Number of protein chains: 2
Amino acid sequence: MRKNGQVSTPSLGIVETQIATVFDRSDPLRMRSGATLAPVEVAYETYGELNAQRSNAVCICHALTGDAHAAGLHAGDDRPGWWDNMIGPGKPIDTDVWFVVASNILGGCQGTTGPSSIDPETGEPYALDFPLLDMADFVEVHRGLARHLGIERFAAVVGGSLGGMQVLQWSLTHPEEMGSALIFAASSRLTAQNIAFSAVGRQAIMRDSGFNEGKFLTRGTTPAKGLSVARMMAHITYLSEEAFQEKFGRSAQAGELSPNFGIDFAVESYLEHQGQRFLSRFDPLSYLYLTRVMDYFDPFADEHALDALVASPVRFLVVSFDTDWRFATEHSRRIVRHLEGARLPTSFREIHSSWGHDSFLLEIEQYHETVRAFLDRAAEDLA
Amino acid sequence: MRKNGQVSTPSLGIVETQIATVFDRSDPLRMRSGATLAPVEVAYETYGELNAQRSNAVCICHALTGDAHAAGLHAGDDRPGWWDNMIGPGKPIDTDVWFVVASNILGGCQGTTGPSSIDPETGEPYALDFPLLDMADFVEVHRGLARHLGIERFAAVVGGSLGGMQVLQWSLTHPEEMGSALIFAASSRLTAQNIAFSAVGRQAIMRDSGFNEGKFLTRGTTPAKGLSVARMMAHITYLSEEAFQEKFGRSAQAGELSPNFGIDFAVESYLEHQGQRFLSRFDPLSYLYLTRVMDYFDPFADEHALDALVASPVRFLVVSFDTDWRFATEHSRRIVRHLEGARLPTSFREIHSSWGHDSFLLEIEQYHETVRAFLDRAAEDLA
């Protein structure tokens, strides 16, 4: 198994992020909460070629802290996109077959409109005046981008973790817009413990004296310390206990252990690094908005949730990882139980991996073979 | 099962915390690090009567955030001590039989000398000039209190979590000073994941702008927000996922869920309350010092660790709880493997409880009966 980022030659070559305005004041985004939002700009990348029938598009939905740069290399960068092991020529999502669209999520901070974007009403960042988000709003923006690109239906929509939750939501509300839905390491409903981790992360940000009720951008402060604590804590849930033990054990960061309150153990150095690195690429407001959407997601609470999907079936692949304790296999099984209960065509695989939740990002042979085989069947429909 | 604190009439009646100076400048505490400390005052309580032979003493070692008030009621309080369900007349640690000593740990903040105590050299709180602690230092202070009380040997030493770690340390270095050792929900060596949680809690405190390099007491600031975040996070690990789900599920704190970044879910209210309540009773510096001792504890790394104990065997009761994921049963099994490997008399029980790590504080029938039966056998030696 190789970890993402260790592939030396990203076979897609140099790629670029583009920006599209998918909602504007004449046609604003109408949100689940009743609010409207305009403009909505979306950062996206595409890989491969859209065929003449426009039937070979695959949409990638990213997880909490992802971005539009899923594969290939940005000029001047030394690391490829976050899912480069999955997407590319000859890879499980094969760009010789598929036209792949990856975009940054609504409310994100990597080019798509979010809480740190400028509110045209005030000329200042929205901050906490940005409307609260729902999983359905993420889907509406994906649909807006699809319209912009002239895609009426995706052959497949794919995502892990929060990405998988978007796929599920989309399949329930607009099943006619996709052939297949691939949902990895996701959940249809967070547990109390999941919400607890999410809540403490937000509290670390909001209690930072630099947070200033969300107005830190205009006040020249930053809740960076709180954001790094939130990220460090979240990272504990992204790896399995086994992975932590294998990777770090109790080894010292430098030579012999000599007790103090700094970085003594290697695992402390790792978390510190993760917390620090996150600051340069993520926005504290996006962290609040996006995690809250996950807390509230509970589509099967609606007894008619599956009605549209039953009328227009989608083929599902649901994958979990046996050491994932953030969204353990039971979360995936719950999705599968609902889908199978409605007699929808559903493949389910629990994959062995020692890495925990982050496994969906990694090059794990059984996982990649499962995705490849599933999409090979979907490709037969293209012919 | 009743939870601690729900017993309406604490049968020990009104009790009081006392303070003893167990080390002074003429006879300072010599610490594992080589540092010395004086004076060392210890806050303690006793329940029951010491017999004429001074042979019926039981020492209680508390966990990370405990104190000397283990049982009975303080005048004016409405809640009994933290282990009142375990200690009292007719209870598993029966004060009709045993003379029970409970004290606040070295480095604590409930009456025993700790980092917020006044350094006699400077007239100001020690803060981060307080010497770093080791599990062995906790034991030396327990031994100092025993001398002060005229107790040469305890019939039993008992503790859960960090308390159990103190019991283990003491049994390894001074086995002749105890008849039995009762170790609940403890560990002989933290995993990388355990250390990770510990490290993030400390970072939440130290990164709070009120921390001021530990000098907050003299600068009029406080890292209260960081401490509350640390406590909220730690609380997630004290309960099982099952307990969180049973207790809170996804229920709303007030009426219907209506999304915002405040307290929407009941589980958020619980954590908020735990974080807030902790501020009135705990010191951020103690939190740093005590958690660090746990990270470093690894007695079996010394191949001669068991030599003294083999020469002077102690009877062990080791208890774990099946839903404890902070110190899962494997942590207890590791202790048992070492003890049994040295042919020491060891009873081990994994108790079923849905509550996770905090189970050792709760009134769980099978657990209490196990403790009672073990101590009944120990009481036979008194006759």
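**The interface**

Modeller: Arg202(B) forms a salt bridge with Glu268(A), with the closest N and O atoms 3.0 Å apart. A salt bridge here is a side-chain nitrogen of Lys or Arg within 4 Å of a carboxyl oxygen of Asp or Glu. This is a predicted model: local features need pLDDT of at least 70, side-chain atom pairs count only at pLDDT 80 or more, and totals for chains, interfaces and linings use all residues. Residues are numbered from 1 along each chain as its sequence is written, chains are lettered from A and ligands numbered from 1 in the order written, and side-chain values use heavy atoms, leaving out hydrogens and water.

Colleague: How many salt bridges are found across the interface of chain B and chain A?

Modeller: The rule finds ten.

Colleague: And how many residues does the contact take from each chain?

Modeller: It takes 51 from chain B and 51 from chain A. Contact means heavy atoms within 4.5 Å.

Colleague: What area do they bury between them?

Modeller: About 4,700 Å², with 65% of it on carbon and sulfur atoms. That is accessible area (1.4 Å probe) lost on putting the two parts together, summed over both. In chain B, Arg207(B), Arg250(B) and Phe261(B) lose the most, together 20% of what that side buries.

Colleague: New topic. What is the strand order in the open sheet of chain A?

Modeller: The eight strands run 2-5-10-6-13-14-15-16, with mixed pairing. Strands are DSSP E runs of at least two residues, numbered from the N terminus, and two pair if DSSP finds at least two bridges between them.

Colleague: Which strands stand at the edges?

Modeller: Strand 2 (18-23) and strand 16 (346-351) of chain A. Each has a single partner strand, so one side of each lacks a neighbour in the sheet.

Note on methods:
Helices (H or I, at least four residues) and strands (E, at least two) are DSSP runs, numbered from the N terminus.
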